[in-house]
2 protein chains.
Amino acid sequence: MLRTNTCGELRINNVSETVTISGWVQGVRDKGSLLWIDLRDRYGITQITIETEKAAKELIDTARTLGREYVITVTGKVAERYSKSDKIPTGDIEIYPDKITILNAALTPPFTIEDETDGGDDIRMKYRYLDLRRNPVRRNLELRHRMAIETRNYLDKLNFLEVETPVLIKSTPEGARDFVVPSRMNQGEFYALPQSPQTFKQLLMIGGFDRYYQIVKCFRDEDLRADRQPEFTQIDCEMAFVEQEDILNTFEGLVRHLFKTVKGIDIPELSRMTYADAMKFYGNDKPDIRFEMKFVELNDVVKGKGFKVFDDAGLVVGICAKGAAEYSRKQLDELTEFVKRPQVGASGLVYARYNDDGTIKSSVDKFYNEEDLKKWAGAFNAKPGDLLLILAGEENKTRKALSELRLEMGTRLGLRDKNKFSCHWVIDFPLLEWNEEMNRWHAMHHPFTSPKPEDIALIDSNPGTVRANAYDMVINGVEVGGGSIRIFNKQLQSRMFDLLGFTKEDAQAQFGFLMNAFEFGAPPHGGIAFGFDRLCSLFGGADVIRDFIAFPKNNSGRDVMIDSPSIIAQSQLEELGIGLKK
Amino acid sequence: MLRTNTCGELRINNVSETVTISGWVQGVRDKGSLLWIDLRDRYGITQITIETEKAAKELIDTARTLGREYVITVTGKVAERYSKSDKIPTGDIEIYPDKITILNAALTPPFTIEDETDGGDDIRMKYRYLDLRRNPVRRNLELRHRMAIETRNYLDKLNFLEVETPVLIKSTPEGARDFVVPSRMNQGEFYALPQSPQTFKQLLMIGGFDRYYQIVKCFRDEDLRADRQPEFTQIDCEMAFVEQEDILNTFEGLVRHLFKTVKGIDIPELSRMTYADAMKFYGNDKPDIRFEMKFVELNDVVKGKGFKVFDDAGLVVGICAKGAAEYSRKQLDELTEFVKRPQVGASGLVYARYNDDGTIKSSVDKFYNEEDLKKWAGAFNAKPGDLLLILAGEENKTRKALSELRLEMGTRLGLRDKNKFSCHWVIDFPLLEWNEEMNRWHAMHHPFTSPKPEDIALIDSNPGTVRANAYDMVINGVEVGGGSIRIFNKQLQSRMFDLLGFTKEDAQAQFGFLMNAFEFGAPPHGGIAFGFDRLCSLFGGADVIRDFIAFPKNNSGRDVMIDSPSIIAQSQLEELGIGLKK
């Protein structure tokens with residue numbers, strides 16, 4: 001080893017030991033008679049001190065050539081510091097070096113290697129290997145490692161087996177767009193990269209494996225958003241001989257274990273909310289319940305007073321922002337602007353201030369008198385000091401817009417602390433949703449999701465009302481995992497493919513292997529998959545999953561560090577039997 | 001849960017408990033008054049017993065409809081068996097059922113679900129989900145799970161971080177053929193799937209991560225052999241601030257930990273052999289040293305007696321097969337046939353029997369008298385009862401052929417017990433090998449491998465003699481892992497690319513990002529990668545890695561179960577901007 005110790009471990013009880021440490025030069029301070037080097041590695045920073053009047057000339061010369069990020073090895077004696085620092089764990093000691101060896105010089109890095117760097121996103125992506133040296137980035141990946149280890153510990157103890165499923169699989173048109181891989185040995189044919197190991201984990205259940213998991217890369221060729229990557233990682237799980245209750249309990253246990261072991265936080269048992277309630281009270285199938293601020297429907301209270309916007313609306317619905325009655329006109333204008341943004345989509349905002357003196361003033365006082373407004377306040381169970389914010393319009397659109405406004409108010413009122421965690425289940429999702437564009441039913445979760453047994457009869461008569469045994473886990477308004485109890489019967493699976501517009505032939509060609517497998521003794525089974533990148537970013541108190549991926553791609557799917565994707569040789573194309581369209 | 005217990009856990013102390021178990025019907029025996037069902041799951045088999053004179057008619061009727069591999073749930077009382085079985089751990093008890101529910105029927109499986117099945121390879125691959133129900137296949141994957149868990153435990157304790165590197169990377173012409181992935185967002189450009197995370201793990205070292213590992217899928221588009229798969233798994237590792245000795249110690253520790261925890265075997269410290277010695281004494285860079293039978297060179301002993309084959313040979317070399325002097329003429333003919341096979345490539349075999357009576361008889365008695373042959377025996381340190389087997393010809397070819405013969409003799413003499421493990425290091429590999437076909441130097445390990453510092457001066461004068469800081473771990477004659485200390489200096493890396501025939505422009509285009517990174521403070525580093533599939537198969541006492549992969553591909557790279565690769569839609573090709581060559 002080119003070191004006896006790391007730069008993070010020497011303490012007062014090591015004083016007078018001769019040690020060797022290696023690392024990167026964080027900085028050099030040269031005061032003439034004294035010269036200090038801060039040496040950094042993954043574990044910390046240790047101060048090297050040279051008394052230039054006592055030290056050998058060669059040593060001093062070497063020290064004076066050092067620049068930032070030089071890689072050096074230092075051998076010397078540990079001494080107690082004259083003036084101690086409580087800012088770093090090694091602050092009680094310093095090293096008086098006998099020898100300094102430069103292992104590698106370094107050009108001046110294009111941005112500072114500090115917790116708060118002067119480098120922008122683009123330059124840090126290009127020099128990702130330098131960005132990785134910064135504490136916040138390193139800590140994110142250390143957190144990710146710990147999350148993976150603890151996930152495996154928990155599941156291993158429960159007899160789950162990690163089984164690797166293939167990466168080169170078969171393309172299917174259902175779901176998102178596949179990445180494909182041309183086959184050289186079978187020209188004209190392609191593999192696809194998995195969007196998830198869904199069918200394989202079901203086959204493992206049919207194969208008797210009963211408890212499976214895998215922390216696994218998945219792939220989607222989608223246009224990227226800030227929190228999407230073309231390759232992402234799932235904690236993918238499946239169990240046989242279970243009902244929904246068993247899955248919820250098992251994986252609630254996983255997340256509580258992670259909070260406990262990784263963050264030292266005891267979280268309470270997860271509450272459960274039906275999809276119907278989530279939409280009714282939060283306008284959102286992944287509500288952030290760190291704060292209350294539930295929707296209150298006002299159709300009965302506000303209609304018939306001559307205010308056309310409300311009278312004509314399918315739904316009038318609002319929220320009560322506690323303690324926000326003092327909002328200024330400017331703040332209220334900002335909120336109005338906010339709801340009118342195309343991403344939110346409301347046409348306007350009605351508000352009512354419940355003042356501390358008990359009076360209520362609204363933006364529609366022309367139509368509603370004090371008595372009317374008292375009724376509003378009653379509906380919200382509002383108190384003096386509260387602010388009522390109300391939207392009106394077509395039902396679904398209005399709920400969606402109010403959900404955005406609710407989250408915005410939560411943020412403004414400081415109710416969305418990233419270090420506070422609120423986890424819950426959303427259950428009883430609809431099996432199907434109507435796709436207007438394609439004029440057909442679409443599987444809300446995926447085509448393998450089982451309808452609730454009590455709703456099966458409705459499949460023929462009223463498919464839109466059929467509920468699924470499907471569930472999402474939501475933490476702080478983010479869907480971190482989702483799953484379902486699966487169909488395990490060939491006839492029902494076949495009926496499902498019918499409903500989704502598959503011809504018999506297509507269903508057989510694409511999923512025949514699974515439906516055939518159902519005929520050879522398939523057990524009841526179900527599972528869940530967690531978005532691991534997102535789970536890590538939540539645990540790390542961050543919004544962007546990219547910060548929790550060692551080598552992420554940018555929003556054009558490029559790795560700007562290695563400059564990929566790139567052109568390939570004509571000979572490679574020929575071997576694969578493909579050509580580029582001009 | 002659709003069970004209170006598994007089919008493997010009930011014992012005599014559970015007697016009189018009411019339990020529910022679920023699983024697959026292994027078999028039904030109907031003796032009229034008594035009817036037995038063997039119910040199987042991943043954990044074992046439990047016997048269900050029905051006394052037809054006492055049981056409810058409905059229960060009996062259900063039981064009599066059951067076929068092999070039906071999935072059922074049984075609730076009943078645990079009872080002590082009248083006639084116990086010591087063949088299965090649940091053999092002391094049976095269950096008298098109150099209720100049997102058929103969860104799913106099953107067609108008759110196309111092969112028997114038994115340890116020794118009647119199904120051939122092809123049918124078992126097509127119905128892999130049924131093959132997975134067989135104990136030997138399940139045990140292989142359980143072993144694999146345990147190996148992965150223990151690998152992570154060991155490395156985690158040593159502060160290694162598991163970091164996921166990207167799967168969508170950049171194609172490089174060096175090494176094996178890449179699988180490529182057309183980019184839709186960057187038309188005309190391609191990603192490649194990694195043959196290994198080599199450059200990324202080096203960048204992690206430059207990024208200060210100092211101890212990295214990953215159990216990771218890698219990809220090679222090669223024509224397949226029995227023990228190769230287009231996608232395979234590596235335990236990939238890298239360390240910074242280390243020398244070769246540190247890597248060898250750390251990963252010797254890993255393998256000893258795995259043997260200890262997974263198989264309960266204490267293996268001794270690993271011996272080390274130079275590449276030169278491996279070739280000299282075993283004709284093989286991955287010698288199986290479960291048995292001795294070292295090569296003995298005979299040029300000095302055998303030449304000049306008029307036997308042209310030996311006189312003209314570059315090398316005459318043999319092995320001594322202990323106790324094989326009694327080999328019959330037929331057996332010796334078989335060996336002669338063996339060495340003449342094209343895969344072995346010798347032109348003939350000379351043998352000499354050292355008989356128990358002290359006489360020596362050879363196949364070339366015309367040229368060598370008893371006294372000559374005594375000298376041969378002396379060179380081999382042979383004893384009465386031994387058989388000497390000698391090959392002659394061009395040096396490298398002859399060593400290779402004798403290596404094959406040595407392994408064959410080891411097998412014939414029962415010296416290659418799969419439950420005995422012999423692990424060692426082969427070190428000091430040459431840096432380069434000459435590629436006759438391409439008329440240029442080729443990196444023996446890979447282009448990032450560091451020459452030994454003491455040999456660097458030879459790079460210009462005599463590149464073929466430069467030794468590398470490269471090492472392989474060999475278990476039972478199988479290379480399970482290999483690695484090297486890496487170049488971490490831009491000039492040396494650039495010189496290496498020169499030697500390998502890269503133009504400056506090509507080197508910069510393909511590996512510029514790495515060479516640039518070397519300029520920003522790269523620490524000394526090195527690593528190793530283990531073939532995880534192969535390591536599992538060795539631990540499992542098997543030859544074929546396919547048995548340790550849940551869903552393997554066949555030798556044409558096809559998954560015959562899901563029928564992949566397959567054609568994709570014209571619209572997909574168009575979106576990707578590629579076309580098929582007619």
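In the predicted model, Arg133(B) and Glu69(B) form a salt bridge, with 2.8 Å between the closest N and O atoms; a salt bridge is taken as a side-chain nitrogen of Lys or Arg within 4 Å of a carboxyl oxygen of Asp or Glu. The pair links distant parts of the chain, 64 residues apart: Arg133(B) lies in the loop between α3 (128-131) and α4 (135-157) of chain B, and Glu69(B) in the loop between α1 (57-65) and β4 (71-80) of chain B. Helices (H or I, at least four residues) and strands (E, at least two) are DSSP runs, numbered from the N terminus. Arg133(B) is buried at 4% relative accessible area, and Glu69(B) is buried at 1%. Buried means under 20% relative accessible area, exposed over 50% and partly exposed in between (1.4 Å probe, protein chains only).

A salt bridge also joins Glu238(B) and Lys201(B) (3.4 Å, N to O). Glu238(B) belongs to strand β10 (residues 231-240) and Lys201(B) to helix α5 (residues 198-206) of chain B, so the pair ties together parts 37 residues apart in sequence. Both Glu238(B) and Lys201(B) are buried. In the salt bridge between Lys504(A) and Asp498(A) (3.4 Å, N to O), Lys504(A) is exposed at 51% and Asp498(A) partly exposed at 33%. Over all chains, the structure holds 107 salt bridges.

Residues are numbered from 1 along each chain as its sequence is written, and chains are lettered from A and ligands numbered from 1 in the order in which they are written. Local features need pLDDT of at least 70, side-chain atom pairs count only at pLDDT 80 or more, and totals for chains, interfaces and linings use all residues, while side-chain values use heavy atoms, leaving out hydrogens and water.
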